[in-house]
Amino acid sequence: MKHAHRLPSIRKPSIPGYRLQGLLAAGGTALVYAATHESSGRAVAIKIPKTSCRSASDLERFEQEMRIARLVRHRHLVGAHDDGWLAGECPYLVMDRQPGRTLSAVLASQRRLPVTVVIEAALQLSAALTELHRQHIVHCDLHPKNIWWESPGQSLDSFTVKLLDFGLARFLTEQLAPQKILVSRSPFGFGTPGYAAPEQLTEPACVSAGSDVYSLGALLFESLSFCRPFFRNTIELEIRAQCAGSLFTLRSLAPQVPAALAELITSMLSLEPSARPTLSEATEVLSGLRKSLRHPSKPPVMRRRTSVMLRTAA
């Protein structure tokens, strides 16, 4: 999304009970406004679809986002407070608004992040995904602009990350025809190229919890190396590299990364979903690495589970 100070002037909608201050961001299909709840004074963000994105299928997708936002509550998910319709024609979604910035902005200023910071952020995102998956929801669109980073000033010592934007999220229990799943307006498939799992780009009916594991792996790779794992000069070539499994070697780009963490991320980016660790397995490895980095005198112990090598603290 574009930053608010670079956005063109757009007439603000009128939403009963809320005072809108201005445009925060503009994405491919929606606008997000800064607003205040008039009776409580709470700062909120209000998302509405663009006028060009209000077809029956667009509104159906937005309604599903509203439904998921109402259903799921977690400290590492951006919360929703309210939703409704303007004049019965345009839906809106009212969400938390906290000081912070996106992971994309953090990476732009820091380039690569320390290993300990990446592991902590990964565990917070894993907790959010665990709650979504518990309710049979796959997020399907993890990328740096969909991660909200809250911290005092520019500090990396204390922070909270939150997952936002359920625009492409899917209920695993729904039996949707492939044409109903292809809701992204991107010409490259269902999701964000460079982060979406290969099955999202080629067989969107096959998305699963493993698709989010893949995207989390791509986020970790970029956060540690300041490079997407399959980066090429064009999106088309990048997608082709993804679908061929032509992965860069993480430690060649970021030698500071422990071998166990590089091994985990590589397995998360496996071409076949069955070859990836489960979210629970990935979380166990990350927790063990966090513990071993805090207590370096205790080396990690290797043990094999399914198709990946898990390292946990002794």
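Reply: The lining of the second largest cavity has seven nonpolar residues, no polar ones and two charged ones. In this classification, Ala, Val, Leu, Ile, Met, Phe, Trp, Tyr, Cys and Pro are nonpolar, Asp, Glu, Lys and Arg are charged, and the others, Gly among them, are polar. The model is predicted, with local features requiring pLDDT of at least 70 and side-chain atom pairs pLDDT 80 or more, while totals for chains, interfaces and linings use all residues. Residues are numbered from 1 along each chain as its sequence is written, and side-chain values use heavy atoms, without hydrogens or water.

A cavity is a set of points on a 1 Å grid over the protein atoms alone where a 1.4 Å probe fits but cannot get out, and its lining residues have an atom within 4 Å of a point. Points are joined across faces, edges and corners, and the volume is the space filled by probe spheres set on them. Two cavities of 30 Å³ or more are counted.

Helices (H or I, at least four residues) and strands (E, at least two) are DSSP runs numbered from the N terminus.

The largest cavity has a volume of about 80 Å³. Its lining includes Leu103, Trp149, Val161 and Ser223. Helix H3 (115-134), strand S9 (147-150) and helix H6 (209-225) each give two or more residues to it, and H3 provides the largest share, four residues. By class, this lining has 11 nonpolar residues, one polar and no charged.

Elsewhere, strand S3 (residues 30-37) is largely enclosed by the rest of the structure, because seven of its eight residues are buried, that is, under 20% relative accessible area with a 1.4 Å probe and protein chains only (exposed is over 50%, partly exposed in between). Strands pair if DSSP finds at least two bridges between them. S3 runs antiparallel to strand S2 (residues 18-26), with seven bridges, and Leu20 stands opposite Ala35. A hairpin of three residues connects S2 to S3. Seven bridges also join S3 to the antiparallel strand S4 (residues 43-49), where Ala30 faces Pro49. The hairpin of S3 and S4 has five residues between the strands, and in it Gly41 takes a positive phi near 80°.

Definitions and conventions
1 Å grid on protein atoms, 1.4 Å probe; cavity = no way out; pocket = protein on both sides within 12 Å on 5 of 7 lines; lining within 4 Å.
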